[in-house]
Amino acid sequence: MTTSSSERGVSLGMPQLPAPAYPDDVHARLETDAREIIARYPDSRSALLPLLHLVQSEEGHVTRTGMRFCADVLGLTTAEVTAVATFYSMYRRRPSGDYQVGVCTNTLCAVMGGDAIFEELQEHLGVGNGETTEDGKVTLEHIECNAACDYAPVVMVNWEFFDNQTPDSAKRMVDDLRAGRPVAPTRGAPLCTFKETARILAGFPDERDGAVEATGGAGPASLAGLKLAKGEAPPARVVHPRGEAPAETPPHEPSPTEHLSSHDAPQDTSASDPAHPAGPVAEEGE
């Protein structure tokens, strides 16, 4: 006589199938929102990404129940939904905190102090990468790039920017988040919880007073690159070292003998400048 693995108390790591459904009232509410999202697309399956944000806004992460819901309303298999939900890191697969604190550890942020910030936050919070504090407030993770290299090192909280951070400023910020004190991003809209952020990413309006107006535009450091691309003279200095007052010096005007990179102003390329042809100048075999 043989016994099954379940009878022996052995888990094979397989999920319970099928996934449980949402309670009727939650299902009805989400289905109304889902129909609004699906109506925006000519092909219903194109609505999968915002629908995953929608179910994430319900529980704070994408559960098997959430994936089953997305599959049902879109006429997909749960395997198709799971393939997408597990591909993108923005969809959490396990319970996470009210505030997702992401520290950029890509090259520029790392050399500017991002690695030090991440290491000190791990020790300060007592969590590792992708882990959540015991109070459920903060989930810490390293991020490969926050797309804000001109403000390095950068930390993001629920996708809002905290620029030019230091280990001390980052620790004060997470302490304030855990204590419920107001925390304002360096730029962008005021903070909200991760669930509220997920609903906004699903395509529903941010109805908080002044939130949309506070979003603003690019900062001076980002706009400096745009000015250079247009051929405008660069300022003497874009970002001053911490603790140092800006020097009162006139903008630097490059002399004709100075080398300008391709990012300083439009330049002739070898293809358009006969005096500087591309490729080898000698005949083959010489």
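The model is a predicted one, so I took local features only at pLDDT of at least 70 and side-chain atom pairs only at pLDDT 80 or more, while totals for chains, interfaces and linings use all residues. Residues are numbered from 1 along each chain as its sequence is written, and side-chain values use heavy atoms, with hydrogens and water left out.

**Entry: overview**

I began with the elements, taking helices (H or I, at least four residues) and strands (E, at least two) as DSSP runs numbered from the N terminus. The protein chain has eight helices and five strands. Along the sequence they come as α-α-α-α-β-α-β-β-β-β-α-α-α. Of its 286 residues, 34% count as buried. For contacts I used heavy atoms within 4.5 Å. Among contacts with a separation of 6 or more, 63% are between residues 24 or more positions apart.

**Entry: the cores**

I defined a nonpolar core as a set of buried Ala, Val, Leu, Ile, Met, Phe, Trp, Tyr and Cys residues joined through side-chain atoms within 4.5 Å. Which residues touch the most other members of the largest one? They are Leu 51, Leu 52, Leu 54, Leu 74 and Val 81, out of 25 residues. Helices α1 (24–38), α2, α3 (64–74) and α4 (78–85) each give two or more residues to this core. The largest share, six residues, comes from α3. Another core, of 19 residues, lies apart from this one and includes Val 103, Ile 117, Leu 121 and Phe 162.

I then picked Leu 52 and skipped its neighbours within four places in sequence. Leu 52 is in contact with Val 62, Cys 70, Val 81, Val 84, Ala 85 and Tyr 91.

**Entry: helix α3**

**Entry: cysteines**

I counted a disulfide as a pair of cysteine sulfur atoms within 2.5 Å, and the count came to zero. Cys 70 is buried, at 0% relative accessible area. Cys 149 is partly exposed, at 41%. The closest cysteine sulfur to that of Cys 149 is in Cys 145, 4.5 Å away, which is too far for a bond.

**Entry: His 61**

His 61 sits in the loop between α2 and α3. Is it buried or exposed? His 61 counts as buried, at 11% relative accessibility. Leaving out residues up to four places away in sequence, I found that His 61 touches Val 55, Gln 56, Arg 92, Arg 93, Arg 94 and Pro 95.

**Entry: salt bridges**

Side chains of opposite charge can pair when their charged atoms come close. My cut-off was a side-chain nitrogen of Lys or Arg within 4 Å of a carboxyl oxygen of Asp or Glu. That gave 13 salt bridges.

Arg 199 pairs with Asp 33, with closest N and O atoms 3.1 Å apart. This pair links distant parts of the chain, since Arg 199 is in helix α7 (residues 194–201) and Asp 33 is in helix α1, 166 residues apart. Arg 199 is partly exposed at 33% relative accessibility, whereas Asp 33 is buried at 11%.

Arg 68 pairs with Asp 72, the closest N and O atoms being 3.8 Å apart. Both lie in helix α3, four residues apart, about one turn of the helix. Arg 68 is partly exposed at 29%, and Asp 72 is exposed at 54%.

Lys 137 and Asp 98 form a salt bridge too, with closest N and O atoms 3.8 Å apart. Lys 137 is in the loop between β2 (131–132) and β3 (138–143) and Asp 98 is in the loop between α4 and β1 (99–104), so the pair ties together parts 39 residues apart in sequence. I also noted that Glu 120, Asp 168 and Lys 171 are joined into one network by salt bridges that share partners.

Key. Buried < 20%, exposed > 50% of the residue type's maximum accessible area, 1.4 Å probe, protein only.
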